[in-house]
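Please keep the sequence and the model in view while reading.

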Amino acid sequence: MILAKILHFQTYSTELIPIVVDLIPSLYIVLGFVPELTRQPQVDKQVFGILLACYLCEKYPLENYLMTAEKYVLPRLMKIAFPITKEGHPSPTCMPSEALVQAIPGFVHLARAFPHFGPQILRAFDNIAKGLPQPKEFIGQESSSKIILVLHLHKVLKDSRDLVQVEVDKMDQSLFSLLHGTEYGLIYHQRRILLVMRQALGIIQSIQ
């Protein structure tokens, strides 16, 4: 466990995270380090922790991991978007950054794991979008690096928001079907329960 912590606090390419999560079954143990990892002063380590948590939650959609995402992961995204000012308060405007461009798509995986958490993710995305400078504010400055970053961030937000909304809509449809007693709704929830049970059993067996 100590070696795993050292490795992940040193970080590695975020492009490797989905591969590592997929190939190493015992990697779920690093979720215990995520709160500390996302509090590191280096923003790149915060982003690494966010993405690692999102991919792990998608693979292991357990409620205690949702608590980690809700308490540490999503709030950290908002702190990156609205950094603390010299006065000690969150910035009233969003600070465009490559860190946000990297971190935001990870929440699509979190929404796939926990569709009922999707509305909170959508609200966070909407707050970031509202806090960003609007493209029309940069008319005549189209060649500047800042407008390129802002436009890219708006696109990443929109694309990610659309994908999270898909997961929320699926949940709503399945709940509607379940309430109306359709076979589809029952099958969906039975499969979801079986999936969670299998994952929990796998974790228990790996510990033993």
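Which side chain of opposite charge is nearest to Arg-76, and how far away is it?

## A buried arginine

The model is predicted. In it, the nearest side chain of opposite charge to Arg-76 is Asp-44, at 12 Å.

Arg-76 belongs to helix α5, which spans residues 63-81. Apart from neighbours within four places in sequence, Arg-76 contacts Thr-38, Arg-39, Gln-46 and Ile-50.

## The nonpolar core

The largest nonpolar core is made up of 60 residues. Within this core, the residues with the most contacts are Leu-52, Leu-77, Phe-107, Leu-110 and Ile-128. For Ile-128, with neighbours within four places in sequence left aside, the contacts are Leu-77, Met-78, Ala-81, Phe-82, Cys-94 and Leu-157.

## Helix α7

Helix α7 (residues 106-113) is largely enclosed by the rest of the structure, because seven of its eight residues are buried. The buried residues are Gly-106, Phe-107, Val-108, His-109, Leu-110, Ala-111 and Ala-113. Among them, Phe-107 and Leu-110 are also listed with the most contacts inside the largest nonpolar core.

## A surface patch

A nonpolar patch on the surface is formed by Leu-16, Ile-19, Leu-23 and Ile-24. Together these residues have about 360 Å² of accessible area.

Leu-16 lies in the loop between α1 (2-10) and α2 (17-23). Leu-16 has a relative accessible area of 40%, so it is partly exposed.

Methods
Residues numbered from 1 in each chain as written. Predicted model: local features only at pLDDT ≥ 70, side-chain atom pairs only at ≥ 80, totals over all residues. Heavy atoms only, no water. Helix = DSSP H or I, 4+ residues; strand = E, 2+ residues; numbered from the N terminus. Buried < 20%, exposed > 50% of the residue type's maximum accessible area, 1.4 Å probe, protein only. Lys, Arg positive; Asp, Glu negative; His and termini not counted. Salt bridge = Lys/Arg side-chain N within 4 Å of Asp/Glu carboxyl O. Contact = heavy atoms within 4.5 Å. Core = buried A, V, L, I, M, F, W, Y, C linked by side-chain atoms within 4.5 Å. Patch = residues over 30% accessible without salt bridge, like charges linked within 9 Å, V, L, I, M, F, W, Y side chains within 5 Å. Areas by Shrake-Rupley, 256 points an atom, 1.4 Å probe, with all protein chains shown as cover.
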